[in-house]
Amino acid sequence: MIQLKGISKHYPAGFGKTYVLRNINLGINEGEFVSIMGPSGSGKSTLLHILGLLEEPSEGEYLFLDEKVDKLTEKKRTELHRHRIGFVFQAYHLIDELTVYENIETPLLYKGTSSSERKSRVAELLDRFNMVAKKDLFPSQLSGGQQQLVGIARAIVHEPKIIFADEPTGNLHSEQAKEIMELFRELNQKDKVSIVQVTHSEANAEYGNRVIRLKDGWVSE
Ligand code: ADP
Ligand code: ADP
């Protein structure tokens, strides 16, 4: 579902170019659960942002769901974000002024889903994540682990084909982290959602089927 050929990313800085990613070649198949690992500054977030269509590569070719990414119109890119892709963030990125229910519902509003379908879809996820009693609370009233559950519910409410997660348990205690990783495993195995996570944790990587190791912008698998 994903193919990178000779992908590089550089920034102009002083004399010459600073390469963040160099000549990355990799494929990710539908149904995979992949972990991107490597030291701080090795390019993990940049790679995840390129994969998630948030940033453009400087060189090379990226095929996402058989589409050449550099040929995508802004409209098509937005459509892929609204229909095919879900994001999960380390710091959750929930909207503080919205309730749990409203946070989860947001992607469906962007997608233009009907009100009755929004209701049933959000209700189903609240039930599945044992958060029915919390639906009218605000993010600040939840633990970190609960906030990340909301973050994941929001990431999957529109039934994406792939989730990109940037250090999804980076702010959590190990018990909460385990719960979140078990949920990812279930989404991958039962719901057939592909997952790409950036993680520093070998324990988290165990949940995936493959590790991509980055070092100074190179893949050192
Ligand atoms: P990681 O996620 O592995 O910590 P990043 O992808 O965040 O690595 O960053 C890799 C390198 O790219 C770092 O050295 C960082 O300073 C640099 N970098 C990231 N974004 C920019 C930018 N917008 N301009 C210049 N350098 C950047
Ligand atoms: P960190 O790993 O430092 O906590 P975050 O997970 O907060 O970083 O955010 C990672 C990146 O994703 C940021 O550079 C931010 O610009 C971007 N980002 C945050 N929210 C969204 C969003 N809703 N849609 C697209 N990109 C986002």
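This is a predicted model: local features need pLDDT of at least 70, side-chain atom pairs count only at pLDDT 80 or more; totals for chains, interfaces and linings use all residues.
**Stop one: serine 220**

Touching here is contact, meaning heavy atoms within 4.5 Å. Serine 220 sits in the segment after strand S10 (218–219). Helices (H or I, at least four residues) and strands (E, at least two) are DSSP runs, numbered from the N terminus.

Buried means under 20% relative accessible area, exposed over 50%, and partly exposed in between (1.4 Å probe, protein chains only). The C-alpha atoms of serine 220 and glycine 38 are 9.3 Å apart, although 182 residues separate them along the chain.

**Stop two: serine 35**

Go to strand S3 (residues 33–37) and pick serine 35. This serine is buried, with a relative accessible area of 0%. Show the side chains of serine 35 and glutamine 197: they make a polar contact at 3.0 Å. A polar contact is a pair of N or O atoms within 3.5 Å; within protein, one must be able to donate a hydrogen and the other to accept it, and residues adjacent in sequence count only if both atoms are side-chain atoms. Beyond residues up to four places away in sequence, serine 35 touches Gln197, Thr199, Ala205, Arg210, Val211 and Ile212.

**Stop three: helix H1**

Select residues 44–51, helix H1. How many of its 8 residues are buried? The count is 6. Color Lys44, Thr46, Leu47, Leu48, Ile50 and Leu51 to see the buried ones. Step just past H1 to leucine 53, which has a positive phi of about 60°.

**Stop four: ligand 2**

Show ligand 2 and the residues around it: His49, Leu54, Phe89, Gln90, Ala91 and His93. Each is near the ligand, with a heavy atom within 4 Å of it. The protein covers 50% of the 560 Å² of accessible area that ligand 2 has on its own. Such areas come from the Shrake-Rupley method with a 1.4 Å probe; for residues, only the protein chains shown count as cover.

Zoom in on histidine 93. One of its polar side-chain atoms lies 2.7 Å from an oxygen atom of ligand 2. For glutamine 90, a side-chain N or O atom is 3.3 Å from a ligand 2 oxygen.

**Reading the labels**

Residues are numbered from 1 along each chain as its sequence is written, and chains are lettered from A and ligands numbered from 1 in the order written. Local features need pLDDT of at least 70, side-chain atom pairs count only at pLDDT 80 or more, totals for chains, interfaces and linings use all residues, and side-chain values use heavy atoms, leaving out hydrogens and water.
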